[in-house]
Amino acid sequence: MAKPSETGMEALHHLKSTDPPALLAPSPTLSQTARTASQHLFSCLKPYAPKSPFDQLLTDGFDAEQIWQQIDLLSQPLLSTLRRQVKHLEKHPEESKIVLKKENEFLDGERKILEEKETKRFDDDVDDDDMDMDMDEFDDEEEEEEGGRRESEKGESEDESGEMVEGKGGEGIEDKFLKIKELEEYLEEDEAREYGLDRKKKKGELKLEEEEEEEEEEEDEEEEDDDDDELDDEYEDAEENARYEDFFGAKKKTVPKRKSSLSNGSDEDSGLNDDGAVEKKGGLSTHEKQLEKLQSEIEQMEKANLEPKTWTMRGEVTAASRPKNSALEVDLDFEHNVRPAPVITEEITASIEDMIKQRIIEGRFDDIQKVSSLPSTAPKEVKQLDENKSKKGLAEVYEEEYIQKTNPAAAPISFSDEQKKEASILFKKLCLKLDALSHFHFAPKPVIEDMSIQANVPALAMEEIAPTAVSDAAMLAPEEVFSGKGDIKEEAEVTQAERKRRRAKKKRKFKAEAVKRMTKKARDNTALLNHNEGNHLSVPNGGLFS
Amino acid sequence: MMQTGEAPASMEVEAIPNGLGIQSGSLPLKPKFEPLKAHEMSDGRVQFRNVSVPPHRYSPLKKAWMEIYTPIYEQMKVDIRMNLKGRKVELKTRSDTPDVSNLQKCADFVHAFMLGFDVVDAIALLRLDELFVESFEIKDVKTLRGEHLSRAIGRLSGKGGKTKFAIENATKTRIVIADTKIHILGSFQNIKIGRDSLCSLILGSPAGKVYSKLRQVAARLAETF
């Protein structure tokens, strides 16, 4: 009331500058400045808060409680969104930097205004962050923190100092990596995008991106975020009912071209995004994302198939067709056809030497035994070339040959057989003599049956060269000489009947001979007759002899 | 001397009943003839063979006459006589010569003797049908003159005739080397082997080589029983 024309910023500055002890004592001027400051803040926050019922903070005539209620209405949904954004930023801290950098290009003018807003917001965020670390105890914590916040902010609304304190406290967290102002800017934009507001067109690209990223983040942490969403739903006011399309983009909207340049910059989320491909404004479902993944893989494989294969996959590769020293890198496997040479160790040599010694002691050398080859066939008779004039005539030679052909048994003994016979006889004689000498018992001479004709010649004539005496003894014994049979009787001994018998026999014999002679003569005569022509000689009948 | 008035040996002609043969229209029956005797050949005339006697075989013929005469006259039934004036041996068929070839065999036999073969060897001609005499000269094989010729002849005979005897014994032939003429008596195959050996000797191969070949051949011949 003291300064109605005072602007909100000035009011804030004024509040800032007052001493803290001065705030303890109630003063109307301070309260007025506080109200204007809070109004200003409210109006600043208004654009970010979706579906806030108040366009302006009504402070006239309202007591602290009512003012506080208005602020609460505004800030509750804000808080939830901020929480989400902070979580997202936690996961992707680089984005904040990039986003904030980009923002700097556009937002130099509004920086100052925003700074203060962000400080305020960040206070809330800081509180939230401190208390939101555990997802499981989300509900309780939220209630607690809200309760805490209310209490603290009650204090603040009365004194309007809590905010300052917290604002100052918030500054302590900042460091070179974490720029709170950048973070808050980013969060604002993302939030606006998420709730489908097109308020901040200048940051259009960023918004969309962040919104999408947030969407993806939401989907990744679906399970985790379910609680968040539910809680958010619970705690949202009736005006700010989140719809399906807020979280899951219902329609696939075309992306402005500026998006693509930024999307390349954000590599972290490219795992889920298609590389330079269509990115929907509304976000992708899990299934669609999987499909996209598959598609990308398929494309990769097709591309690989079209290209020529690597040299390891080809068949026979010569050195010229593969890169230099490439065979060294590859672990080649090939068969060794040769047995690896045995490593000679002392044990082996010792074992061999032991074996040798043992063999020598035993005398068991593996000498080659000569295989005596028995002649399978009888040795051929080598015909000797006779260089002497053959004693046989040619006819006899052929005769022998013919006999041998027709009747082998009757063939005369060949020369070799005769020699064999002679040799065997000589050997037998020799053996006989040696046996007689060596054996103790007597063995008589073997009888060789031999046929020979003996002439009846005086024996002495044959045996003696010079006969000293002449002997009548003949070679043959009397019985050998005698050629008769039957009983021999002398003349005196013969009886009458015998005599008669003998005479009759004699006569008969004589007669037979005579007849024979006669017939022979007759035959000769007839032959003569036939032979001599015209010579007819009559054979005298009866003949000369009767 | 020609035999006149002798009716030719039985020429039997089957009596053809006139009516039957002509009427039936069949061919007349073949007449049956017995084989001609040597005596009746050439229209019943006697056949002769003459074998001239070279001068160097004159006295050996005289010595061996009976050995020649006996088998010819007795077994072959061929008349043989010596024409002293013409220095020829004449052979003639008899009436009872059984076979036509006897005369030729006897002629061959006598001829072989004239060439220089022994009677005992030449007798084989009478006994075996398939024996032949082959003659050739050294100049047929290779033209040799002077000392080469003498050396060739010496090579053929060998020392004391041992090479010649070796060939004879191995191949069952008889060989006569008369100066530059060579006669071989034996069966066809044996003549061939003997001839090959002699030719190789003429051409200059040493006796040892010929012996080894002969040994192989003889062994092969002996195996073929």
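A nonpolar patch here joins side chains of Val, Leu, Ile, Met, Phe, Trp or Tyr within 5 Å, from residues with over 30% relative accessible area and no salt bridge. Keep that in mind for the first stop. The model is predicted.

**Stop 1: the patch on chain A.** Select Ile344(A), Ile348(A), Ile352(A), Ile356(A), Ile360(A) and Phe365(A). Together they form a nonpolar surface patch with about 570 Å² of accessible area. Now pick out Ile356(A). This residue sits in helix H16 of chain A, residues 346–362.

**Stop 2: the whole of chain A.** Zoom out and color by secondary structure. Chain A has 21 helices and zero strands. Of its 546 residues, 29% are buried. Switch to the surface. Chain A exposes about 40100 Å², and carbon and sulfur atoms supply 56% of that area. Then turn to contacts. Counting those between residues at least 6 apart in sequence, 65% join residues at least 24 apart.

**Stop 3: the sheet in chain B.** Move to chain B and find three strands. They make an open antiparallel sheet in the order S4-S6-S5. The edges are S4 (131–137) and S5 (174–178) of chain B, each pairing on one side only. From one strand to the next, the twist averages 15 degrees.

**Stop 4: one strand pair.** Select S5(B) along with S6(B), residues 181–187. Five bridges join these antiparallel strands. Finish on Ile177(B): its bridge partner in S6(B) is Ile182(B).

Notes
Residues are numbered from 1 along each chain as its sequence is written. Chains are lettered from A and ligands numbered from 1 in the order in which they are written. This is a predicted model: local features need pLDDT of at least 70, side-chain atom pairs count only at pLDDT 80 or more; totals for chains, interfaces and linings use all residues. Side-chain values use heavy atoms; hydrogens and water are left out. Patches are made of residues with over 30% relative accessible area and no salt bridge: like charges are joined within 9 Å, nonpolar side chains (Val, Leu, Ile, Met, Phe, Trp, Tyr) within 5 Å. Accessible areas come from the Shrake-Rupley method with a 1.4 Å probe; for residues, only the protein chains shown count as cover. A salt bridge is a side-chain nitrogen of Lys or Arg within 4 Å of a carboxyl oxygen of Asp or Glu. Helices (H or I, at least four residues) and strands (E, at least two) are DSSP runs, numbered from the N terminus. Buried means under 20% relative accessible area, exposed over 50%, partly exposed in between (1.4 Å probe, protein chains only). Contact means heavy atoms within 4.5 Å. Two strands pair if DSSP finds at least two bridges between them. Axes are lines fitted to C-alpha atoms, for helices over the stretch in contact, and angles run from 0 to 180 degrees between N-to-C directions.
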